[in-house]
Amino acid sequence: MRSKYVFIEKRSKGLLITMVSGLFLVIAAVLSLGVSFSPALAGETITVYKSPTCGCCTKWISHLEDNGFKVNAIDTKDMYKVKKEAGLHPGLGSCHTGIIDGYTIEGHVPASDIKRLLAERPAVRGLAVPGMPMGSPGMEGPRKDRYSVLTFDDSGKTTVFSTH
C-alpha cells in the first residue's frame, strides 16, 4: 500500500515538474514577446496633419499603419499654422506633420525611428526629415537618396538621430 502512495507521490511530483516546466516556458515566451513590444505595437495613435491632395502623405500614413500605428489623419489647407503650433523651425519642414505622445514628427520619418523615439523618450521636441527625400517612407521610387532623421528642440537645435 505504501508503494502505491509513493508511486502516486512520484507521479504527482512528475506532474508538478511538468506543470512548472510548462509554466516556465509560457512565462519565458510571454516575456520574450513583451521585450519586443513597443508603444506602436500596442496601437499608439499618431495624429497626422496633411494637405487633402498630397499622395506621399497618404503613402507615409500607410507605412505607419503597416508598422502598428493607429493614424488619425486630418486634412488641412493651413499647414503653416500646424507647423508653427508644433514648434517647427525654418529648414525642418516637409509636407505633413504628426503629433504623438507629446512629440512632433515632421516629414517622412520611418516608423522604426518613431518607435525608438517613444522607447528612449529623449528630451527633444520631436523628429524631422526636412524636404522630401526619395526613398524615404512615402517617397518610394526608382532611387533611394541618403537622408538623416534629425531631433530638434524648442530652440531649434538639431542633432542627427539616424541616417538611412
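**Reading the sheet and its charged pairs**

Mentor: Strand β3 (residues 97-100) pairs with β4 in the antiparallel sense, over four bridges. This is a predicted model: local features need pLDDT of at least 70, side-chain atom pairs count only at pLDDT 80 or more, and totals for chains, interfaces and linings use all residues. Residues are numbered from 1 along each chain as its sequence is written, and side-chain values use heavy atoms, with hydrogens and water left out.

Trainee: What holds strands of a sheet together, and which residue of β4 is the bridge partner of Thr97?

Mentor: Strands pair through backbone hydrogen bonds, either parallel or antiparallel. Two strands count as paired if DSSP finds at least two bridges between them. Strands (E, at least two residues) and helices (H or I, at least four) are DSSP runs, numbered from the N terminus. Here, the partner of Thr97 is Glu106.

Trainee: In which order do the strands of the open sheet run?

Mentor: The seven strands follow the order β2-β1-β3-β4-β5-β6-β7, with mixed pairing. At the edges stand β2 and β7 (158-163), each pairing on one side only. Neighbouring strands are turned by 25° against each other on average, direction ignored. Axes are lines fitted to C-alpha atoms, for helices over the stretch in contact, and angles run from 0 to 180 degrees between N-to-C directions.

Trainee: Which strands does helix α2 touch?

Mentor: Contact means heavy atoms within 4.5 Å. Helix α2 (residues 55-66) packs on the sheet and touches β1, β2 and β4. Its direction makes about 175° with that of β1.

Trainee: How many salt bridges does the structure hold?

Mentor: A salt bridge is a side-chain nitrogen of Lys or Arg within 4 Å of a carboxyl oxygen of Asp or Glu. The structure holds six. One of them joins Lys50 and Asp75, at 2.8 Å from N to O. Lys50 lies in strand β1 (residues 45-50) and Asp75 in strand β2 (residues 70-75), 25 residues apart.

Trainee: Is Lys50 buried or exposed?

Mentor: Buried means under 20% relative accessible area, exposed over 50%, and partly exposed in between (1.4 Å probe, protein chains only). Lys50 has 7%, so the residue is buried. Asp75 has 46%, so that one is partly exposed.

Trainee: What does Lys83 form with Glu106?

Mentor: A salt bridge, with the closest N and O atoms 2.6 Å apart. Lys83 lies in helix α3 (residues 79-85) and Glu106 in strand β4 (residues 103-107), so the pair ties together parts 23 residues apart in sequence. Both Lys83 and Glu106 are buried.
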